[in-house]
Amino acid sequence: MTTYDKVEIKYLTRDQYPQLRDLMLTCYPRVEDPAWEKKHVDTLINRFPKGQIVVMVDGVMAAAALSILIDYKRFDEKHTYIEMTANDTFETHTPNGDTLYGLDVMVHPDYRGMRLGRRMYDYRKELCEELNLRGIVLGGRLPNFHKHHEDMTAKEYIQKVRSKEIYDPVLSFQLSNDFHVKRLAKNYLPEDEASHEHAALLEWTNVYYEKPSDSSTFTPEKSVVRMGLVQWQMRSYKGFDDLVEQIEYFVDCVSGYNADFLLFPEYVNAPLMAEYNNLTEAAAIRKLAAYTDRLRDTFAEFAVSYNINIITGSMPEVREDGLYNVGHLCKRNGEIEKYEKLHVTPDEVKAWGMSGGNTLKTYETDAGRVGILICYDVEFPELSRLLALDGIDILFVPFMTDTQNGYSRVRNCAMARAIENECYVAVAGSVGNLPKVHNMDIQYGQSVVFTPCDFAFPTTGIKTEATPNTEMMLIADVDLGLLKELHEQGSVRILRDRRTDLYELNRKDSNSK
């Protein structure tokens, strides 16, 4: 299993031309002289730097996407690639254009399967929202058409790809990314022998587009974050690979909805303890800890390849000084950050000899600043208040509770944390039974997304909640912009109205921030 330390989207720079040229030559072996000249690339960077991006994986250029802005109504829909690029001079680029025209997207063969193409298209879509563009238009190659051109027309080929009777690596990908076919473009790219010079003219529409008025320019700010919560069914697994298969199922499902975060519950790998049920409880949990690093790396790989930030729930970790309950924030750019359970329950101490961690911090992500507290920790309001003072938007709480009253403690405290700290709180737990695992044989849970209580939010303070004790995933959108309005204009302003002249809350370890 290949893992990577860092995946980054960056603007293309002039000094990266040699890498870009090599990437073009590698990606288009069937196209005669596929690499652009340096002067053409320099022109693109000069005219529209935000439209030229690369994906760097551990410092290597793994993918690239190039584009221009156009005033689309000026162009005939029967245009060719040469016409759209003005014979590679890009005189067609219009700084105040209303449409992003995709010139090229390429992914190195060694990095395919990491969903880098979808990541670049997500960037393009966000750029359309930022610049208030109508959408994206491009001519999509039909690289597999040469295998079928004797049996069907290009139009019939496109239809069969749309109905999934035929797979085309370009067109199938575009359709899965919400593009629709406007028409068949003939003689689009003469040197494209594999497509027999045909292309599908494709379009993606920006639903947030607003026609600018004569007196102002609309520049929207994307603030809606989508999160997925896994209500995890505890069940017997044949082994590690079987557990990972179930985890990947949820990652795949939630990422398919273009979610920004995915939250798993506490002790997500607990079913693997069944193999050690003949040992004492303390010995069995330490055997379980042997899987933690491997599972962390698997989560990290999924975060990158499925383009989603994953909160891994928690797993036991053995250190020189004791046993801890830890989890990891696996970011979709390849970074991994650890969080720890600070308050362990009396039962964790009694059965396993577990110790509490010492680090409380916030985490910067591409979808807001977040905090993470494991189960029992959410019942200590000081922790979430410290995180709120550090400016978190969302508090994630992976938990595992065996009884309804235990769950009620987590639920009610989490709801209070959302109100008093003016943030969103997402809790995700496990359900079901593990009859062959001592001390973890029963679970009760219900995953919920809580909100503050004010006019812009649900009157109950509940955004959405899962069905209790049923395996499922919960997907919800939360608007971070509403939090900013709440802090300034809410009916009550809890964080602002604190009587700091009477009391204050301080950290003992300033390095925990």
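The chain folds into 13 helices and 22 strands, where helices (H or I, at least four residues) and strands (E, at least two) are DSSP runs numbered from the N terminus. Keep in mind that this is a predicted model: local features need pLDDT of at least 70, side-chain atom pairs count only at pLDDT 80 or more, and totals for chains, interfaces and linings use all residues. Residues are numbered from 1 along each chain as its sequence is written, and side-chain values use heavy atoms, with hydrogens and water left out.

Let's start with the overall shape. The C-alpha trace spans about 75 × 60 × 40 Å along its principal axes. With 513 residues, a compact globule would have a radius of gyration near 24 Å, and the chain's 26 Å agrees with that; the radius is taken over C-alpha atoms, and the globule rule is 2.2 Å times the number of residues to the power 0.38. Of the 513 residues, 54% are buried, meaning under 20% relative accessible area, while exposed is over 50% and partly exposed is in between (1.4 Å probe, protein chains only). Take the contacts (heavy atoms within 4.5 Å) between residues at least 6 apart in sequence: 70% of them join residues at least 24 apart.

Now for an open sheet of seven strands. Its order is β1-β2-β3-β4-β5-β7-β6, with mixed pairing; two strands pair if DSSP finds at least two bridges between them. At the edges sit β1 (7–11) and β6 (180–185), each pairing on one side only. From one strand to the next, the twist averages 25°; for angles like this, axes are lines fitted to C-alpha atoms, for helices over the stretch in contact, and the angles run from 0 to 180 degrees between N-to-C directions. Helix α5 (residues 154–162) packs on this sheet and touches β6 and β7 (199–205), its direction making about 160° with that of β6.

Strands β2 (residues 53–57) and β3 (residues 60–70) pair in the antiparallel sense over five bridges, and M56 has M61 in β3 as its bridge partner. Next, β3 and β4 are antiparallel too, over eight bridges, with A65 opposite V105 in β4. Strand β4 (residues 99–107) is mostly covered, as eight of its nine residues are buried. Four bridges then join β4 to β5 (residues 135–141), and these two run parallel; here Y101 stands opposite V137.

S255 is buried because its relative accessible area is 3%. Leaving aside neighbours within four places in sequence, S255 is in contact with R118, Y306 and I308.

Six strands form another open sheet, in the order β14-β15-β16-β17-β20-β21 with mixed pairing. Its edge strands are β14 (363–365) and β21 (462–465), each pairing on one side only, and the twist averages 20° from one strand to the next. Helix α12 packs on this sheet, touching β16, β17 (424–428), β20 (448–450) and β21, and its direction makes about 30° with that of β20. Within the sheet, β15 (residues 368–372) and β16 (residues 394–398) are parallel over three bridges, with G371 opposite L395 in β16.

Finally, α12 (residues 404–421) also meets helix α11 (residues 381–389): their axes come within 10 Å and cross at roughly 35°. On the α11 side the contact is made by P381, S384, R385 and A388, and on the α12 side by R417, E420 and N421.
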